[in-house]
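Let's walk through a few spots in this structure together. Keep the model open beside you as you read.

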Amino acid sequence: MRFNFSSHSAAPAATATPATTPTNGNEKATQPLKRGIEADPDSLDSVISNPQSYPITIVPNRPASFYGVAPNGKAFQRQPSCRSRNFRPGSMRRVRRRAVFKNGDCNVVQKHLQRRRVRFLQDMYTTMVDWQWRWTLLAFALSFILSWLFFALIWWLIIYTHGDLEELHMPDNQEESGWAPCVSAIDGFTSCFLFSIETQHTIGYGVRTTSPECPEAIFMMCFQSIYGVMSSAFMAGIVFAKMTRAKQRAQTLLFSKQAVICQRDGCLSLMFRVGDMRKSHIIGAGVRAQLIRTKSTKEGEVMTQYFTELEIGSDDSGSDLFFIWPMIIEHKIDENSPLYNLNATDMLQDRFEIVVILEGTVESTGQSTQARSSYINTEILWGHRFDPVVLYNKDLQAYEIDYGRFNETTQVDTPLCSARELNEIYKIQEGFRTPASPTIRSRPSSSSSGYQSPQDRRLRWQLSVPL
């Protein structure tokens, strides 16, 4: 007999479960179980004697195959399950599909583009710069190898039509026969391939040279030299542009993994942190933030990707940063903020995404760069504050930045209500005046008489309701 501790509720106490006990005549007699519980209600004997006192189910013996042994005595092979062990029913939150990944890549796929290949080939330079490195290097190598083979074939045709590959006109017999070839020291396609490489890259080993006997050879030598310079410049420019593009510089620009919401000067503020790992700073750095969420118009149109610009800044310097160390970017949640009516519970249930963009000019190269990231609703910590990372080191006599604490936060006391409800509380408690500190004092009339209005009690409950 086995015990299956299930999570179902216990049966009512008025219903008694009959117990079957074997008799001498191999017949089963039914006897009611006692309802009384022993002195120790947690003992196993008391639970067995009274199944209704504890939510367990008495399960009869299972066949051997149920416990991993097949009827033939061999081990029972359990079928693999396609269900993840980490899955729990009801544990999934409502998470919005990201438009911008944490590394800055846009989650956008295009389809049904007309004349896509033709349009991309018209802008070949940008297309090759946007390629992945393996395709760029493959195109770089093929551009030279194929051109060498192509011009080697043309040189072989010129030499063959001139008769330089005949037995009497070979390089070993040219002195005896007095033959003047188009290109000296050419005896086959291999020597033509080597001469093509020397001509295109102006190597000039001094063995194979053209002669004035063939005007077509002189023209081909000039044309291949010009083509070699142009192809080398084109491919070198692609590799250089690919190595110095703004996306590579953005790899050293950091955004905090989570954003936080806490109080600053009595107002709720949304904050995130940005940093730069390099000593060469970003000149004219500016930061922007946009909120993406669903909006319905008065006419009934539903816009699933509606962008709203958020007013952000660092301290009192606005969105223009003097970016010499990590800085905390703040968005004050006031009447003009789209987050004004969201409380802590709505923040978890609502679907939105905040895209943050950092732009500036690289000091060492003078090129513009842009770094992007985003925060969805589950990546915003309510009631947290960023830990300081910039401290002055007296030994080094310089400011020291600890990037190990870049994403560290500290939990602080923060009301769980929305910014609108918090302002209403301030107006009630302070006589329609916003306080200079976040401390909330009760009205003298309410504290002296002990009476609180229903509106006061409702707002106080919103401040203390947990997530």
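In this predicted model, the side chain of Ser211 reaches the backbone oxygen of Pro181 at a distance of 2.4 Å. To find this serine, look in the loop that links helix 6 (189-200) to helix 7 (215-243). Is Ser211 buried or exposed? Its relative accessible area is 17%, and the cut-off for buried is under 20%, so Ser211 counts as buried. Leaving aside residues up to four places away in sequence, Ser211 touches Pro181, Cys182 and Ile218.

Now follow the chain back to helix 6 and see how helix 4 (residues 133-162) meets it. The axes of helix 4 and helix 6 come within 8 Å and cross at roughly 120°. Angles of 65 to 115 degrees would count as roughly perpendicular, and the two helices are therefore described as oblique to each other. The crossing of helix 4 past helix 6 is right-handed. On the helix 4 side, the contact is made by Phe144, Ser147, Trp148, Leu149, Phe151, Ala152, Leu153, Trp155, Trp156 and Ile159. Helix 6 contributes Phe189, Cys192, Phe193, Phe195, Ser196, Ile197 and Gln200. Sorted by class, this contact has 14 nonpolar residues, three polar ones and no charged ones.

Last, move along to helix 10 (residues 419-429). Why is helix 10 described as largely enclosed by the rest of the structure? The reason is that eight of its eleven residues are buried.

How values were computed: Residues numbered from 1 in each chain as written. Predicted model: local features only at pLDDT ≥ 70, side-chain atom pairs only at ≥ 80, totals over all residues. Heavy atoms only, no water. Helix = DSSP H or I, 4+ residues; strand = E, 2+ residues; numbered from the N terminus. Buried < 20%, exposed > 50% of the residue type's maximum accessible area, 1.4 Å probe, protein only. Polar contact = N/O pair within 3.5 Å; in protein donor to acceptor, adjacent residues only side chain to side chain. Contact = heavy atoms within 4.5 Å. Axes fitted to C-alpha atoms, helices over the stretch in contact; angles between N-to-C directions. Parallel < 35°, antiparallel > 145°, perpendicular 65-115°, else oblique. Left-handed = near helix turned anticlockwise from the far one by under 90°. Nonpolar A, V, L, I, M, F, W, Y, C, P; charged D, E, K, R; others polar.
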